Amino acid sequence: MRLEPKPAPSLALTLLFPIAAIVATLLITSLLVLAAGASPLSVFYLVAKGAAGSQFALLETLTRATPLIFTGLAVAVAFRAKLWNIGAEAQLYVGGIVTVVLGTGALPLPSIILIPVIMLAVMLAGGLLLLGPAILKTRFGVDEVVTTLLLNFIVLLFVSMLLEGVLKDPMGLGWPQSQKVIAEAQLPRIIQGKRLHYGFVIAIVSAIVVWVIMKKTVLGYEMRAVGHNPEGARFVGIPVNRVLMKTALLSGGLAALAGFSEVSGLKGNLTLDLSPGYGYSGIVVAMLAMLNPLGVIASAIFVAGIFVGADAMSRVAKVPSYIADVMVATSLLTMVVAILLTRFRVRWR
Amino acid sequence: MSPTASEPVLSLSGITKRFGPLVANDAISFELKRGEVIALLGENGAGKTTLMNILFGHYVADEGTVEAFGKPLPPGDPRAALDAGIGMVHQHFTLADNMTVLENIALGTQSLWRPRLDRAAARNRIGQLSTDFGLAVDPTATVSTLSVGERQRVEILKALYREARILILDEPTAVLTPAETDALFRTLKLLVAKGLSIIFISHKLHEVMAVSDRVLVLRSGRLAGERETKATDRKALAALMVGQEVKPAEVSPVQVGAPLLVLDRVSTARHNGAGLDEVSLTLSAGEITGLAGVSGNGQAALAALIAGTRRPTGGCISIAGQPVGDWSPQAALGHGVARIPEDRHAVGTIGDMSVTENVIAERYGSPRFSRMGFLDWKAARSFAEEIIADYDVKCPSPEARIRLLSGGNMQKLILGRALDPEPAVILASQPTRGLDVGAVAYVHRMLLAARERGAAVLLISEDLEEILALSDRIVVMSKGRLSSPSARGERSIRELGELMAGHGEEGQAA
């Protein structure tokens, strides 16, 4: 078996293969559903209904998509410059820490000033967290996959230490959780009484801003050049290391906004279960979107929908909601294969 | 050349290979006879490599068949090609550097289940082959210690050791000194005298004339012509290759001006071969300085130094009389140094980005193309269209990925990017490597035009003919050191060859 590059994939093919990927995903996961003793059709129906079948379901999906858009953007930006940021999870938690440090009354400011201040600080902190691995990479050739991945565990332990120590809520009945942020530091809900908050709007705006950066600005041009061919970029005079630093600041900052948005918009305080792996899911989201910032919005909603829908489904169909993880993982694999097939022709023999 | 028996050992009939809309090989048929040397001549992209890859089983032809020694060769099976007695010496050697010559040659010829190599027998056979065919090489030497010429001999021995009856040589002289090339040609003559058949791939006309019995000319995937070598000449072959007459570049006398770039005892670390060892060089306005040498002797280090991608470890660079401060690609560009890099694909372009994005790459930060951190894509695109028109680049659109362009068109874009700002100093590193005759002539004209305008040009090339044709002054690099310069016609090819091999004069070490 051998792969031969296709000169130029046609538009029809580039649309057909992702659809084929989704169909393949459904077929593969139906085997597991059958093994769990349920009917695949009804399970998929229930997942779809749970994800988008009612106003409540839809709002829940968008709420769940919000942090995924941020982490997906963070990964998309970094991967575009071939900076392998696997540490969005850590950056998210750092965003959460900064939000509760500044948002629990330390800065007595009105909402209109306090929230932007917190956001800037959050982005700076997340960016600086990724700057370390980026410097280790450019200076000493340390693989950032390892450093960013390990930082996830370090930061989570650090959060645990804070929540048992200085940030522990004295009124928290001993639970490892921080105080709630003050009202001025909270992101308002979009619809009164529902969970969807303005973090979602900030996420959409961020995606558009990132898209503009990548398409229209010098920085985006430099990042793409460095990602495609660092040696060529260096030759034509692009300051490769400086570009990687800027990429790290932007990517880390975006991931940290996920932590800010979850604390400020949804949870109100920092806990050790702030993120059920949004940082890692961000990689899936970015890859499904083929690193396109606007595509990240759609793929984040898709992934969130599967998780939310699977939760709803498992309550009814008695198929474990872990099927959501399998579906997301399978869709990533089939998508990667689909991308491969749009670019290459497979020759047997 | 040699007595040729008439039975064909290899016959290709109607080979057609398409890559999407591109027809790489179009109904190509030919026969190779016993004891014959066929030269496969053609521009880059003419389909030579595709054809050989089909023959060797790396690709499967869409139509057509290959027969070796009267038996059809199963398509897509390199193993079968090897077993049928076809040996290939690739342009880029496929040797394990950390193993000995003997191990490299015997590698893969014995069953994996045999506990150890029968060294004595292998050594005897290698020794026999070496003496028979003038392929002197020490079987116990580690490959990494060998010169390029010796490595090539190992590759040929490897093929002979596997009892190849048909030998394919892909651009074998690209990395050799003139003396090594002569030795290779003598070996080839001994091989055909023993009844081997040889396919010699090249785009150098004089070599084709020197070594072959018959010449097949490929042009855009078709067999453009087949000539008995005795009955043709270089001009006719060049015309067949490009489809039109090619005029050699005309060199007119130009007044040499002020020194523009001066290297004073500059040393560097190793870089793709030797580093520089206290090299002094002056590039003056209106002068092309040709730098000859066998690859790996420090040309890469010198090119990287002038391009700004490597900093000197000692010595001083001055431009227009002023020592340069911090040295980088940006600084080089800022001082008006244009760079044409050796490797178009890995260094000169960013393959997955568009023609437009590549053309502005050296100047994207200038006010012409960006404002307040935003790129002006309209200005960029019109600049790309300008370069495409001015430098006669054939490409589908400025939005096309540059990877899709042929080598010649890619090089024209790089030329356009480098020469458009009318640079004072031009570094041209192997500017015509792998280009077809037409594109080579174009690059030469551009360099000569720049010289007439008063630019100082450094031409680094492994092609002595090119150096001799264009240079006002020639220096030779060997083991990281430069010879003293010689004016046009002052040193003979033989003398230059000796300098390239590291013999002769004390150089400028004094």
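This is a predicted model: local features need pLDDT of at least 70, side-chain atom pairs count only at pLDDT 80 or more; totals for chains, interfaces and linings use all residues.

Residues are numbered from 1 along each chain as its sequence is written, chains are lettered from A and ligands numbered from 1 in the order in which they are written, and side-chain values use heavy atoms, with hydrogens and water left out.

**Entry 1: the pocket**

I looked up the second largest pocket and got about 500 Å³ of space. Pocket here means an open set of points on a 1 Å grid over the protein atoms alone, where a 1.4 Å probe fits, with protein on both sides within 12 Å along at least five of seven lines; lining residues have an atom within 4 Å of a point. Points are joined across faces, edges and corners, and the volume is the space filled by probe spheres set on them.

There are 24 lining residues, and the closest to the centre are Thr177(B), Pro178(B), Thr181(B), Leu464(B) and Ile493(B). In chain B, α6 (178–193), α7 (205–211), α16 (464–470) and α17 (493–500) each give two or more residues to the lining. Helices are DSSP runs of H or I with at least four residues, strands are E runs of at least two, numbered from the N terminus.

Where does the second largest pocket lie? Domain 1 (8–242) and domain 2 (259–352 + 421–509) of chain B both give residues to its lining, so it lies between them.

**Entry 2: the chain**

I find 17 helices and 23 strands in chain B. The C-alpha atoms fill a box of roughly 65 × 55 × 50 Å along the principal axes. Of the 510 residues, 54% count as buried (under 20% relative accessible area; exposed is over 50%, partly exposed in between; 1.4 Å probe, protein chains only).

**Entry 3: positive phi**

Most residues other than glycine have a negative phi. I noted Glu171(B), with phi near 45°, in the loop between β7 (166–170) and α6 of chain B. Is Glu171(B) buried or exposed? It counts as buried, at 10% relative accessibility.

Lys479(B) also has a positive phi, about 50°. I place Lys479(B) in the loop between β21 (473–478) and β22 (481–482) of chain B, and at 61% relative accessibility it counts as exposed.

Notes
Domain bounds come from an automatic or database domain assignment.
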